[in-house]
Amino acid sequence: MQQYEYFAVVTPARPRPEDPAIMLRRWVDENGQVREESFTTRLTGAAWAPSTVLSNPAVSSSDVHRVDERAAVRYENALRGQLSRGETYDGRPYSYLAWLDGSTVDDPTGVLRTWTTEHGGEGEQRYLPGTGWRDSYVREDWRRGRYDGTFEPIDKATADKIVERWEQRRTEQG
């Protein structure tokens, strides 16, 4: 059975180890290599993914707090709950946009979800059929003239219908 050490990383915006900005785990694999993962929702769902936060010299040791497995499970459950409710890290809902470039709102060129990050910036993900929500820079590239089209605000229900249609189409095409 794998033996994990868990760490909560705090930031000025999330200063409490009980409600950290990042949750990490570290262990030694069968070859004696130290492995590290962070719990993230940036993949197709919520999952542990490879990380280098603990070895990053920019992360102060005073920002890293050892926690027990129960704290890690609470963090996982909280993020999974936010994901299932379509909420961002702070419990606010995502905003959704249909990217229209010679397309319609019913079948747009792309679907984006956006939010304000904990540091006040803009976060963006684009839905890719078969892959899920992935980090995206479509609006930034659009502002720089790399893409054409417009962005139409849509609600979560509309975004979900589009995503469902795209996934059904992908399945039918094999």
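Q: What makes E5 partly exposed?
A: Its relative accessibility is 30%, and partly exposed is the range between buried (under 20% relative accessible area) and exposed (over 50%), using a 1.4 Å probe and protein chains only. So E5 counts as partly exposed. Bear in mind that this is a predicted model, where local features need pLDDT of at least 70, side-chain atom pairs count only at pLDDT 80 or more, and totals for chains, interfaces and linings use all residues. Residues are numbered from 1 along each chain as its sequence is written, and side-chain values use heavy atoms, with hydrogens and water left out.

Q: Why is the pairing of E5 and R66 called a salt bridge?
A: The term asks for a side-chain nitrogen of Lys or Arg within 4 Å of a carboxyl oxygen of Asp or Glu. For E5 and R66 the N to O distance is 2.4 Å, so the pair qualifies. By this rule the count comes to 15 salt bridges.

Q: Which parts of the chain does the pair E5 and R66 link?
A: Distant ones: E5 is in strand β1 (residues 5–9) and R66 in strand β5 (residues 64–67), 61 residues apart. Strands here are DSSP runs of E with at least two residues, and helices are runs of H or I with at least four, numbered from the N terminus.

Q: Is R66 buried or exposed?
A: Exposed, because its relative accessibility is 56%.

Q: How do you know that D29 and R35 form a salt bridge, and what labels do they get?
A: Their closest N and O atoms are 2.9 Å apart, and they form a salt bridge. D29 is at 11% relative accessibility, so D29 counts as buried; R35, at 38%, counts as partly exposed.

Q: What does the salt bridge between E122 and R139 tie together?
A: The closest N and O atoms of E122 and R139 are 3.6 Å apart. E122 lies in strand β8 (residues 122–128) and R139 in helix α2 (residues 138–143), so the pair ties together parts 17 residues apart in sequence. E122 is exposed at 57%, whereas R139 is buried at 12%. Both belong to a network of salt bridges that also links E124 and R143.

Q: What does the side chain of E36 reach?
A: E36, in strand β3 (residues 34–40), is buried yet has no salt bridge, with R26, the nearest side chain of opposite charge, 6.4 Å away. Its side chain reaches the backbone nitrogen of V53 at 2.8 Å and that of L54 at 2.9 Å.

Definitions and conventions: Lys and Arg count as positive and Asp and Glu as negative; His and the chain ends are not counted. A polar contact is a pair of N or O atoms within 3.5 Å; within protein, one must be able to donate a hydrogen and the other to accept it, and residues adjacent in sequence count only if both atoms are side-chain atoms.
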